[in-house]
Structure formats: C-alpha cells, structure tokens
Amino acid sequence: MAKVAFIGLGVMGYPMAGFLKKAGHEVTVYNRTTSKAETWASEFGGTFSLTPKDAVKGCEFVFSCVGNDDDLRQVVLGDNGILQGLEPGSTLIDNTTASAEVARELYSVLAGKNIGFLDAPVSGGQAGAESGALTVMVGGDQAIFDKAQPIIMAFSRCAERIGEAGAGQLAKMVNQICIAGVVQGLAEGLNFAKNAGLDGEKVVEVISKGAAQSWQMENRYQTMLKGEYDFGFAVDWMRKDLGIALDEARKNGSALPLTAMVDQYYQEVQNIGGRRWDTSSLMARLESYKK
Ligand code: NAP
C-alpha cells in the first residue's frame, strides 16, 4: 500500500480519493475550500492538509483533479504548491481535463527534479467516479505508468497508457469530439420524434436495439424526453473541453466542423440559462426554436 495525496475534492476528486482510501492506501487530501477536506477526512478516515505542499510531503503518488490549465498551474507551481512538497522519485498523476500543452510543460518541469508526471484525464462522469468505474487515458513514461497503474485502478475500470506526455489529454479530446456529435444527433432525433407526434419512449425502445444505439441514447433519452438536464457533466465544462480540442485541432491541422458547430450550440444553451445543465441539454436548444 502506498502513501498517497489527492488535491482537489470536487464532484470527481472527492469520490476518487475515497476509493484510494478504501483500497487501503494512506491518503492525505487538500481542497481549496477546507470544509470539503474536513468532511472527506471524517467520511473516509484519512487526513487533510491546509496546503498542497504539506499534503504531498513524503508521498509516493500524488493525484490532482482541478478545473482547467490555470488552476492546474496554480496548484502545482504556485506558492505552497505541489512542486514545493514533492520529493525526487515520486509521481504526480493529473486527472484534470486540461491541454496537452500544460501536460508537456509540467512533465518537463517535474522531470528536471526527477519527479514523474502522468497526464491522466478521466471519462465516466460523476456516476463513474462514485462507482469507482472511470476510464483513464494516460500520457507519460511507460515505466512510471507501470508503477502507477495499480494505484489508479482503485477508482477505474480501465487505465491505459496512450503514449508520451500529453497523449492522455489528446485522447480525452478525441473522447469529447466523439461525444459532441452523438449528443447533437440524439437531440435532433428525439426532438423530431416529439414533433412528429411519436411516442419517444417506444421509438427508442426499438431503435436502441439497432445501429442507432449509443451510451448517450441508453443513459439520457428518458431525461431528455422529459426536459430534465441535471444528470452529470455540465455545459460549462463541455465548452472548456471543446475549446481545448478546437485549439489543438488548429495546431495539428484537423478539421472539426461538427465539433465547432456543436460548441456554438452549447454557447446558445449557456445563453438560455443552461450553464450548469448537463450536456444532453442540446435538446432544450432545439425545443426553444419551436416556441
Ligand atoms: P468541480 O466539482 O468544480 O471541482 C473542482 C475542484 O478543483 C474543486 O475541488 C476546487 O476547489 C478545485 N479547484 C479549482 N480551481 C482551483 C484552484 N485554482 N486552486 C485550488 N483548487 C482549485 O469539478 P469536477 O466536476 O470535479 O471536475 C474536475 C476536472 O475533471 C475538470 O477538469 C473536469 O473537466 C474533469 N471531468 C469532470 C467530469 C464530470 O462529470 N464532472 C467528468 C470527466 C472529467 P473548491 O472546492 O475550493 O472550489
């Protein structure tokens, strides 16, 4: 069992850190809002620190899961940050969805101090985090990954190394690109079914057994038909992720016409009050056109 720290107890980090503790590791947590760290420590029986620097002292593995590139730079490189407390030979595993650029930057800063770095964004949402069944896409050195994988598996059902530093974040971009078009297609189909006077439930019951089936269809069609959008990954987060993918696409020459369009649709969802709605709320945008 390892000595581990977890930095960032949000919707994702809180249960992920809990699974590390349940797996038998010695876990210390840090959260910017200390009350969450206190609650975590009393729920799971671990300890908490008041700075990232203190939390990571003496740890072999440190996990971070914060918001975006700037937040990540702040908790790693800032005053009383992770870097000030990490010791040579340890490994930082970052589960934030961020750019490949910041992943490569942190990889080389930490390599200069003989500290391993893995970019390890996750997929599976709040439900996946709460059931310890996340999918983890990893970039970084093979030898570091091999040491870290058993620890990462405490909160995952699949953790695979995709390639060198940044490759985990690039794979997560692929994930978000694939999701964007599927959700828009599903929203259009369900909205069409409603407008055609069909029983949406009945339609999905049948078409989900054929080629139209998808995770989004299985997990979101019922709530979409009811106009309920409080089931997971928020539109604000999705726009952050699509922005990262669109930036990267400009650098590597990929055409992302559908992703760019869906990103604009999400902006419209934000404008009609849906910043915290889940990503299936593309349906609400289509319905707003009918009124
Ligand atoms: P969240 O609930 O908003 O939590 C964000 C966490 O980061 C909080 O603990 C917050 O601290 C901390 N934080 C943010 N900025 C910080 C800063 N500058 N300094 C220190 N701490 C900071 O977000 P989440 O849903 O857990 O998502 C975390 C990451 O996972 C994001 O990159 C997101 O895109 C990704 N992700 C989320 C999901 C999902 O379904 N939610 C799925 C896959 C990936 P406070 O408590 O003090 O605010």
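Analyst: The axes of helix α12 (residues 235–252) and helix α13 (residues 257–271) come within 10 Å and cross at roughly 150 degrees. Helices here are DSSP runs of H or I with at least four residues, strands are runs of E with at least two, and both are numbered from the N terminus. Each axis is a line fitted to C-alpha atoms, for helices over the stretch in contact, and angles run from 0 to 180 degrees between N-to-C directions. The crossing angle makes α12 roughly antiparallel to α13, a label for angles over 145 degrees; under 35 counts as roughly parallel, 65 to 115 as roughly perpendicular and the rest as oblique. The crossing of the two helices is left-handed, meaning that the near helix is turned anticlockwise from the far one by less than a right angle.

This is a predicted model, in which local features need pLDDT of at least 70, side-chain atom pairs count only at pLDDT 80 or more, and totals for chains, interfaces and linings use all residues. Residues are numbered from 1 along each chain as its sequence is written, and side-chain values use heavy atoms, with hydrogens and water left out.

Contact means heavy atoms within 4.5 Å. On the α12 side, the residues in contact include Val-235, Met-238, Leu-242 and Leu-246; among their partners in α13 are Ala-260, Asp-263, Tyr-266 and Val-269. The contact residues divide into seven nonpolar, four polar and three charged. Here Ala, Val, Leu, Ile, Met, Phe, Trp, Tyr, Cys and Pro count as nonpolar, Asp, Glu, Lys and Arg as charged, and the others, Gly among them, as polar.

Now the loops. Asn-80, in the loop between α4 (69–77) and α5 (82–85), has a positive phi of about 55 degrees although it is not a glycine. Asn-80 is partly exposed at 36% relative accessibility; buried means under 20%, exposed over 50%, and partly exposed in between, with a 1.4 Å probe and protein chains only. Asn-114, in the loop between α6 (100–111) and β6 (116–119), also has a positive phi, near 60 degrees, and is exposed at 55%.

Last, the cysteines. The structure holds zero disulfides, a disulfide being a pair of cysteine sulfur atoms within 2.5 Å. For Cys-65, the nearest cysteine sulfur, that of Cys-59, is 17 Å away. Cys-65 is buried, with a relative accessible area of 12%. For Cys-178, the nearest cysteine sulfur belongs to Cys-158 and is 15 Å away. Cys-178 is partly exposed at 48%.
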